[in-house]
Every structure is written in C-alpha cells, then in structure tokens.
Amino acid sequence: MYQGILNIISEFSEESITKDRKVVLKPFREYIQRNFDEGNTIRLNFICTHNSRRSILSQIWAQAMAFYFNIPEVYTYSGGTVSTAIPDILIRLLISQGFQIQQLSDSENPIYSVKYSKDENPIICFSKEYYNKFNPETDFLALMTCNNADKECPVVSGAIGRISVQYEDPKQFDGSDDEVKKYHEISLEIANEMWYVFKNIE
C-alpha cells in the first residue's frame, strides 16, 4: 500500500467514531463478518444521488481497507440515481491523500483508474447510475451514502440488503474558503469508518 495512505491510516482510532455512528455501522460490519465467515464473495455498492463524491470516496476507501486488513473477495462499486461526473477537486484530494490516479478517458464524465497499492488492480471510477452494467446486478449490499438517494431508491433491485450510512455532502462547500478543508475532513471521516468496519472483522 502506498505510504501516503498508510500515514493516514496510522492516525485512525475507534475512539474518534461516536457511539451513534457505531450503531449505524453495525449492520454493515455484521454483513461483512457473516459473509467472510461463510467464504462468500462480498460485493458492496455505495449509492448516492449523483455518484460524484460520497459514494466514490466510500467505494475507494472500502476497497483499500479490505486490502489493508487482508479481507479477501471484497469488491466495491458505486452508483447514483443519476450520473454526473467526478469533480476535479475530488481527484486532487485523493492524490494528496496518497492514491495514484490516471484519467482513462477525456469526456464530460471521465473514467479514472485509482490505485492504493502498486501490485493491486486499480479501482475503476466514474459517475454512473447504480444499475449500470459496470455494477453487479445481484448478490450485493446497497449502502446509501446520502439521504436523497435513500428516499429516491426505496428498493434497490438485485440487492441482498440495504443499509443507510449517510455522510455530509462536501459539494455544499464548493467555491467557499473551506472547500479543500471540508473535502479532506469528509474523506477522512469516511476512511476512518471504513477502517473501523474492516478492522473489526475477525
């Protein structure tokens, strides 16, 4: 794993996660534990309205943490109720946090290759609907990362289960003096919670 990411992980602690958030994350952790115990493939689809920020961050950090804690057969995905594009600020943020990123296409909705370790396959990221063919059609857990997607998708077709793990939207800080700071904080919040979930798989 790249050193910049390891440096971030070294700062995480369970104490920084509130009791209320641990309750929210409990069914997510139990799902992974149950499937890990049974030797099943674990597919996680993080869903947000625009699939541009929170769901992308969750997809990337969850995959990185599964690797870090050596939890095999974990595959992460993301989607939205509509497709938009990943903003440049999110790409710059992830690079600053240690990820190696390559842009694979030049379009209004670019495709990115995101690597957290030199010898591991990259995560392919781009904005898309949650039911896009790039995502699994069945046998996955749907994790709702924003309240709008939670309301607009009362049923996620093909999902084994559905869990709400909502995060604050960094988009609301776009163009403000706090933009970079808030994107960084929300990314670390998501990363810390993914760290907590996978750390507690036994």
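Buried, on this tour, means under 20% relative accessible area. Keep that cut-off in mind while you explore this predicted model.

**Stop one: a buried cysteine.** Select Cys125. Its relative accessible area is 1%, so Cys125 is buried. Now pick Cys146 as well: its relative accessibility is 0%, so Cys146 also counts as buried.

**Stop two: a look for disulfides.** A disulfide is a covalent bond between the sulfur atoms of two cysteines.

Four of them make up an open sheet, and reading across you meet them in the order 2-1-6-7, with parallel pairing. At the edges are strand 2 (74–80) and strand 7 (159–164), each of which pairs on one side only. Going from one strand to the next, the twist averages 25°.

**Stop four: two paired strands.** Zoom in on strand 6, residues 140–144. Strand 6 and strand 7 run parallel and are joined by five bridges. Select Ala142, then look for its partner. Which residue of strand 7 is the bridge partner of Ala142? The partner is Arg162.

**Last stop: a helix across the strands.** Finally, show helix 2, residues 19–37. Helix 2 lies across strand 1 (42–48), strand 6 and strand 7. Compare directions and you will find helix 2 running at about 155° to strand 1.

Note on methods. Residues are numbered from 1 along each chain as its sequence is written. This is a predicted model: local features need pLDDT of at least 70, side-chain atom pairs count only at pLDDT 80 or more; totals for chains, interfaces and linings use all residues. Side-chain values use heavy atoms; hydrogens and water are left out. Two strands pair if DSSP finds at least two bridges between them. Helices (H or I, at least four residues) and strands (E, at least two) are DSSP runs, numbered from the N terminus. Axes are lines fitted to C-alpha atoms, for helices over the stretch in contact, and angles run from 0 to 180 degrees between N-to-C directions. Contact means heavy atoms within 4.5 Å. Buried means under 20% relative accessible area, exposed over 50%, partly exposed in between (1.4 Å probe, protein chains only).
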